[in-house]
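Hi,

Here is the structure we talked about. Please open it first, then read my notes below.

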Amino acid sequence: MMAFARHEWRVLARSRVTLAVLAVFVAALAISGWLGATRAAREQHTLERFEQRVAEQRARPVSLRAEAVANEKGGLALLPPAPLGALAVGQSDVYPGYLTVTARRLDALVSGDQVEHPLAVASGPFDIAFVVLFLYPLLIFATSFDLTAGERERGTLRMVLSHPVRLADVVAGKLLARALVLAGPVVILPAAVAAVTPVPAAPAALGLSLVIWTLAVLAYGAIWHGLALVVNARGWRAATNALVLAGTWLLFAVVGPATINLGIAAVYPMPSRVAAAVEARAATEAASVQGSQALGQFLQDHPTSANIGQDGMRQFAALQAARDRQMAERLAAVTASFEAQLQRQQQLASWLSVLSPAMVAQGVLLDAAGTSTTRFEHFRAAAAVFQREWAAYFEPRVLDAATLTPADVAAAPAFRYAEAPVSAMARRAAAPLAAMALAGAALLWLGFRLYRGYAL
Amino acid sequence: MRGRASRSAALAIAVKDATETWRDGRFRWAAGLLFVLVAAALAGGVSHQSQVARQHADAQQAERDVWLDKGDMNPHAAAHYGAFVFKPVQPLAAIDPGLDPFVGVFVFLEAHKQQLARHRPIEDAAPTRRLGLLTPATAALVLLPLLVIALTFASFAGEREQGTLRPLLALGVSRRSLLAGKALGALLPLAAVLVPATLVGAGLLYAHRPADPDVALAPRALGLLAVCTAHAGVWTALGLAVSARARTQGAALVVLLALWFANAFVMPPAAMAVARLWEPSPSAIEFAAAIADEKDTWPTWDARVERVQERFLDGEFESTLAPANIEVVALLESEAQETALYDRHFRGLFDRYERQAAIYERAGLAGPTLPARLLSMALAGTDHAHDRAFAAAASRYRTAMLTILNRELAASGRLNTFDYVRGRDLWEQVPPFDYDAPRPAEVVRQRWWSVLALAAWLAGATAAAVWAVATMRVE
């Protein structure tokens, strides 16, 4: 078999089609890799700039009102760039990489929206994940729609098989050579991009992420090679193979996911934010109006803000906190039921996605890259812990209407993001990886089995 | 005489090709699948659209009731109480949801702060949603061209390979008639699928038409149909041109599939990548920080009041303004400054978006699909220009609301800002939020480049087909 692979390799190296395919593939990977590395470098730069800014603000030698520091400014939680963010934009153009926390009960975790042109989010990124998910399968088909059909038509296959060799070995050699041609760039280039991108991640964790990424890419490739083999084994002409494979690609990479998404939208619609906003408004209305009236009454009783004194300011802070607490309590139920429903729908939706190899692969690739929704959820959870520390430190001071010394400000809790253990990601990836590998192996097995009946 | 013979020959070719295609089981499968997909996308689109549109309209009504019934309070407290405005959903979003899933669905309008529309549906969607959604527009602009390719790639290359091209031309059929016949032959079987699909779509749209007669549904829908038809026309001409030039039908197929892939999948992200290299977006935190930094340089509330007091003592204000209104003056001034700040930053961001979109749109000249998609979104009322129009309307509404509430404070002449309570009569003076999407003519004018690009592609591809057939090898 290896002899056939070597021979096939030499044949492929002289084929103009193969060289063109390879050139397109390498160019696409290189361009998307370069874009990714540039993006990652910019993210890293932004992170460093804002980390420095936070440090400078804490070190400023001025006394400030507790309310201003704790709530108006708030604490900044910054998410470092993802370990392999250069390889996949993932959800990072949807979720922002920062959160502001306050010591309030209401608006405790404030996130701005990610600032990105909606057209960019809709068009999707031109990143390595895109090249892997869409172009790689297409090029697998482009190189292997004619494994044996052409040689059979020209009669050379019969000639080869007149020697003491098995058809299966010939086919395996051809398959292996083609797989290697494409696997080379698709493994090496992303690894090179990851290696040159400076990210604040432990090398071991980074290595494991890259290994899982690569395994996912190879398993995904195996599925498409398997599909190509099965189609080839049916014994059609090369042109028919090409058409059937183009249709297969369309079905599995484009129409499948798009139809599954349509199904998800129809069967498991996400709860409506609009309805939730109306509900929240209704739930908090009484508390909000009542709170506003209490605050208004207070201000009415203390006409000039200049001389209400420390006690007056304490009273005001207490009134404000009471209103916030009441509103937050009423809001909690609405938010909780919304979140629960959202989670349930997403859970259900994720079941439908196992039907598409592109969807399964996308899940593993983004998870390995660190730009999946999972990492943003982990960040949010970490920011929520930070918020509790922030509130514990500042709430008494705000209620006391205290003025903070520089030392007080410097001693305030600071956010430090701890990456979720990479082993957790590996465990999540294990099942989909195994499923993809199994599907690839099954298709390859089926292909070879069908080749037994291949009519010369 | 010769012309008529040629025409009838062309018709005969068309009928023969169409019949062959129709009898081909593979075509019936593919066309049937396309029909099912379009029907599913239509059903999904219409039901989702009408549900969301009703939700938003109901929410706007509920919000209005809440605003009116909130009881007596200080006008400035009412400004803090704020108002939600929900983005009205356009009826043609059922055909092309466009950017709707990627932009916020409502804005909260309040004193001192201005926000971008929040809660883009994509944030709540399953991550796999990023791989695309089947909509009638994607079916028409992505899947349909593929069927067109399948029907045209062999038109000339196939006849040539089978050696039937020379006898065909020997019959005295002019090459142009042959081209016309082949084009018609490819489009007739397609029409058998597309005309019913269009009728179903039109019926569904009509059944779910909005109650508001101001919504220009028909012109927009017809425009959408014209764009999809023109786009399919471009691909028919391209398919025939490539088929006439290609050495073999296999080569024709490969070239056309590569063109299709580049148009449907590579160009949108690639064009946006170029646009963002040219005009990088700020990150969310940079955008927020720029606003916060500027606010930091402003005087505190107490300092502001003090300064107004000084100006009052300097005799800056007219005598009718009571001294106790100093806080009101400070409030109005700070409000104006805040509005100007947010307007400037948001305008800067939207202008940047616009420049990015302009580059994206210019890149659309490289292929027919990008301009067609931009036009389809624009006509459906779901593109970035419509989003900006809504954001601008929301911002204007906020200014109007604050102006009414603040004017009332200023006119009260009360001792201090908070010593003044108003009720429903004042809340009623703030009109309900009313947003009309831009007129269809305006929409087309905004996307003139895409109109031009698609027209150029239609003319160019047709000319290319005529030329390719006129100069094609017969054997």
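The structure holds seven cavities of 30 Å³ or more. This is a predicted model: local features need pLDDT of at least 70, side-chain atom pairs count only at pLDDT 80 or more, and totals for chains, interfaces and linings use all residues. Residues are numbered from 1 along each chain as its sequence is written, chains are lettered from A in the order in which they are written, and side-chain values use heavy atoms, without hydrogens and water.

A cavity is a set of points, on a 1 Å grid over the protein atoms alone, where a 1.4 Å probe fits but cannot get out; lining residues have an atom within 4 Å of a point. A volume is the space filled by probe spheres set on the points, which are joined across faces, edges and corners.

**Largest cavity**
Its volume is about 980 Å³. The lining has 46 residues. A122(A), S123(A), R130(B), L131(B) and G132(B) lie nearest the centre. Five lining residues come from α5(B), the largest share. Helices are DSSP runs (H or I, at least four residues), numbered from the N terminus. By class, 31 lining residues are nonpolar, ten polar and five charged. Here Ala, Val, Leu, Ile, Met, Phe, Trp, Tyr, Cys and Pro count as nonpolar, Asp, Glu, Lys and Arg as charged, and the others, Gly among them, as polar.

**Second largest cavity**
This one has about 160 Å³. α12(A) gives the most to its lining, four residues. The lining includes E67(A), R104(A) and D324(A). Five of its residues are nonpolar, two polar and five charged.

Best wishes

Technical notes. 1 Å grid on protein atoms, 1.4 Å probe; cavity = no way out; pocket = protein on both sides within 12 Å on 5 of 7 lines; lining within 4 Å. Helix = DSSP H or I, 4+ residues; strand = E, 2+ residues; numbered from the N terminus.
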